[in-house]
Every structure is written in structure tokens, then in C-alpha cells.
Amino acid sequence: MAAETEDIIDVLNLCGGTWESPQTDRYDDVFNPSTGAVIARVPLSSADDVARTVSAAADALPGWSRTPVIERARVMFRYRELLEQNLERLSELVTREHGKSMAESRAEVRRGIEVVEFACGIPSLMMGQSVANIASDVDADVAKHPVGVCVGITPYNFPAMVPMWMFPIALVCGNSFILKPSEKVPLTAVRLAELLLEAGLPEGVFNLIHGGRECVDALLDDSRVAAVSFVGSTGVARSIYERGTRAGKRVQAAGGAKNHCVIMPDADPELAVSALAAASYGCGGQRCMATSVAVAVGRIADSFVDRLCSHAASLSVGPTDTGDAIDIGPLIRNEHVQRVSSYLDVAHEDGAEVVLDGRRNFEGNGFFLGPSVVDQVTPDMRMAREEIFGPVLSVMRADNLEAALAFGDLCEYGNGASIFTRDGFAARQFREHFNAGMIGINVGVPAPMAWFPFTGWNSSFFGDLHVQGLEGIQFYTRQKVTLTRWFRSSGDSAEDPIWRGQQS
Ligand code: NAD
């Protein structure tokens, strides 16, 4: 829901079932990165707006948490149908405000729908455990209960999928939810919220608040918020984890990444190079699971770099909102293009070799940068240590698998890593010993699907329970153990009418 002024949309908050403008005169522009045009204005909500939104979520909580779990599941089944019907429209919104290609947007929305499908199974997922006669005439059971008001704070790079990692699971577990999407991509979140209302979710159970740091801080400081899910860059993830847990909340905070892909000498070169290019340059390199470092092992390094450069140079770069098939769309903002490009100078200064430079003049005002390859990167260089989050691929060279594994140990992050090989033993060594939480074997982007947790390690994650899968259910529930000693209502069974009824 949005109020339109000429062509520029003013984005609204959803508070207690009502779409409204927050009490702020501070707004940010939202761009179409393919054209550079401003398409909307997003409010930077104040602490007062946050307080009202938390009140709405807290008011809706008792009714929703007591709603039978099967009815909560039915809302999700209806939501799933609506998402399917709106898949194309949602994908267009993602492309319009983020800039990724329509194929990438459809895949993103599909991954989000899969989380909704997982959440539809909530009656089974909420099952507890019991032990009869754990002590004499005493039974024990453990049941899952909602945690309360939950908050999701999400990044710009997956406007549909990352919010859907969180709220479908939180809601079916009986919690109310407040989504604070990235201020760079608020439009998809608005549509996701509209469809939740259409699916019959009671007012106030899901709320949407737009804003930046002030809004996030107020959410973290509100004592009525029980749990916070965050996905974004590492510095912010760390500070949100610290502030939230200090305030007594449970927090899961996924951070940035620097993902490696190891190419063994026996790998199928065609398969490895095309998978690697897709993993590095897809979504303009703006994926937390994007490959950022290729590790060429042994004698193949020179031919691998040649092949990679000619493949990358053949990729098309351009606007994604025209209907034409494009390999690499724009980056999110012009400042981000400048930031990512600056790493090519850093690479040169640090002694690496820029063998393919993606900087060139593009038509129009979109935020474009072509694919780059930087060879001869070593572990001490910034290229090897820092998250760049754009279409720049570093190549490191290793004599053997052991040396390639050591590169992972030197890296602060630990999201994902892949290996391309036909050798089962090498693949097993890699799976066992690479220092990251998500591993791909002959798979470029090993992002787990809805039924599995998204298990980043090291500075890629703060907390203990990750998003998605059974860890998601655990995060959004707390357990209650009951011990019961069963008495008869009268001391004498022969006189007890209930007992006699049982006998006859
Ligand atoms: P970001 O950290 O700038 O912003 C994420 C969210 O935090 C946004 O909603 C933003 O409004 C808010 N925010 C920003 N600065 C803040 C501050 N100082 N205090 C409080 N809140 C603040 O991230 P981004 O640029 O939107 O997204 C890209 C980053 O997200 C990359 O680092 C990427 O690796 C990471 N990411 C990680 C995963 C994962 O699963 N590990 C998934 C997707 C993206």
C-alpha cells in the first residue's frame, strides 16, 4: 500500500493493520538502479513510531499465540497460494528496486516461497516430547511455546527472500512480528505484507516499519521485543548482537562473507568456469554466498585464469528492467559502484594483477560495473581479507589442497565455500576441513534451502541458532517442561464413579 505523489511513491508503514505515514519528515530516496531514477521515498521512522508499532504487535500477541496451530498453518497455506499467484509481480518489484535480473528475482522469490512451504508443516514441527512414568506415577513432557514479539532487520540484497527466512516461521510458531526492511528496497516488503493481510492474518500480528539506525536502535531497546533476527554486514551484525543480548533478547545475527571456490586440477574446466562466473557475478556479486576468491590449485592456474577472463568478458552488462536477458545488472547505488571499483586500485597498489577491469562507460544513468578478475592475490592483501560485495573476483594460487584449505583458516569470515573436483577424497577433505559453515561440492552457490539452517560461521554469524529449518523453529519458540503426578479424584477406587465407569 502506498500513497502516490506524481510518479514517486511515498512508502507507508503497516502498524496494527493500518497503513500509515510515520511521524517523521525524514525520508530517503529509493532508486531504480537500472535507470538511476528515483521511484519512491521511504520514511525514516522515529523512536515514537517504533513504540507504537511494538504496542500493536504486543496487543496482537495473546490472541494469535492462542490461535490453534492448525489455523495458523492454514493462514500460511493461503499465503503460499497468494505468493504463487503474485510471483511475477513480486519478481518485477525485486528487479525494479534491487536491479537483479528477472531470472534471479524469480529464483529469489521461489526460495522465499519454500520457507512458507516449510512453515505450513508447523503442526508437526511444534510437536514436543514426552516420557511416561519418568518417576513413579509421574509423566514428563516438553512443549514449544512462542517467544513473544519478534523483530526482523534485513539487508538490501534479497528484498523478498531474506525477510521470508524469518517471518513465516516466527508467525506460525505463534509470535507477532515487526519487519524493518532495508531502506534501499522497501517496496517488495510492502507487497509481502499486503499479501499476508489478504491471506487472513489478524491485524497487528505482522507489522512493517521503515527506517534506518534510529529505528533499529529503538527496536533493540524496547523491552517488549523478545527476539531479533538480523541479516546484513558484519559490523552491524556484531553491534546488533551485542546490544540485543545485553538487553536480554535472543538474537541471531548473520553478517558478511568472503567465500572461496577451490578449483582442483582434475575439475571439468568448462563446468567449473561457468559455475564460478555465475557464483561470482550473479546479482552483480551482491550475494552473501557469492564467490569472492577463486583458488586455482596446481598446474591449471594459468589456463584457468585465461578461460575465466574470456568467459567473464563475454557476459552482458546492462539494465534489467527492459525485458532483455542480461547477465549482470546494476549495483544498488552509484556510491557502491565507486566503493567496489576502488578495490581495483587497491589491488594494483598491493601488488596484485588486474587482468580484467570492469570499469567502463555505460549508457544511461544506471549504476553499472562490469566483471573484473584480479590475479596473484595473496592472503595478506585487502582483496583477500575484505568483503567487496560486487562483481570483482580475486584469484589466489595454491600448490595443493592443503594450501587451499589454509587460505580459509586465514579468513575472518566463514559463510560458504565450494570445491570443483572429480576426486572423492579431495571433496571429502574439503568438506571436513574448510573453515566455513556451508559447503558446495561441484556446486557454485551452496545456499541451503528452507528445510536446512543457513549455517554461517566465524564473523559471518553471531548467535547460536541460525535462520531457516529446525533451528528457525527453535529460535522462535521456547520450551516448557511439565511434570505431572496423576491422582484419582477419590481415594477409594471402588467408590469412584469415574473409575467404576471405566471398569464396566
Ligand atoms: P547493512 O548492514 O548495511 O544493512 C542491513 C540492515 O541493517 C538494514 O536494514 C539497515 O537499515 C540496517 N542498518 C545499517 N546500518 C545500521 C546501523 N549502524 N545500526 C543499525 N542498523 C543498521 O547491510 P546491506 O548493505 O543492506 O546488505 C549487504 C550485507 O548483508 C553484506 O555484508 C552481505 O554479506 C550481508 N548479507 C549476509 C547474509 C548472510 O546470510 N550472512 C545474507 C544476505 C546479506
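How does the lining of the largest pocket divide by class into nonpolar, polar and charged residues? It has 22 nonpolar, 16 polar and ten charged residues. Here Ala, Val, Leu, Ile, Met, Phe, Trp, Tyr, Cys and Pro count as nonpolar, Asp, Glu, Lys and Arg as charged, and the others, Gly among them, as polar.

The model is predicted: local features need pLDDT of at least 70, side-chain atom pairs count only at pLDDT 80 or more, and totals for chains, interfaces and linings use all residues. Residues are numbered from 1 along each chain as its sequence is written, and side-chain values use heavy atoms, without hydrogens and water.

The largest pocket holds about 1100 Å³ of space. A pocket is an open set of points on a 1 Å grid over the protein atoms alone, where a 1.4 Å probe fits, with protein on both sides within 12 Å along at least five of seven lines; lining residues have an atom within 4 Å of a point. Volume is the space filled by probe spheres set on the points, which are joined across faces, edges and corners. The lining comprises 48 residues, with Pro-155, Phe-230, Gly-232, Ser-233 and Val-236 nearest the centre. H9 contributes the most, six residues. Helices (H or I, at least four residues) and strands (E, at least two) are DSSP runs, numbered from the N terminus.

The second largest pocket holds about 420 Å³. Its lining has 25 residues; Ser-101, Met-102, Ala-103, Glu-104 and Ile-326 lie nearest its centre. Ten are nonpolar, seven polar and eight charged. Domain 1 (5-256 + 456-482) and domain 2 (259-412 + 416-441) both supply lining residues, so this pocket lies between them. Domain bounds come from an automatic or database domain assignment.
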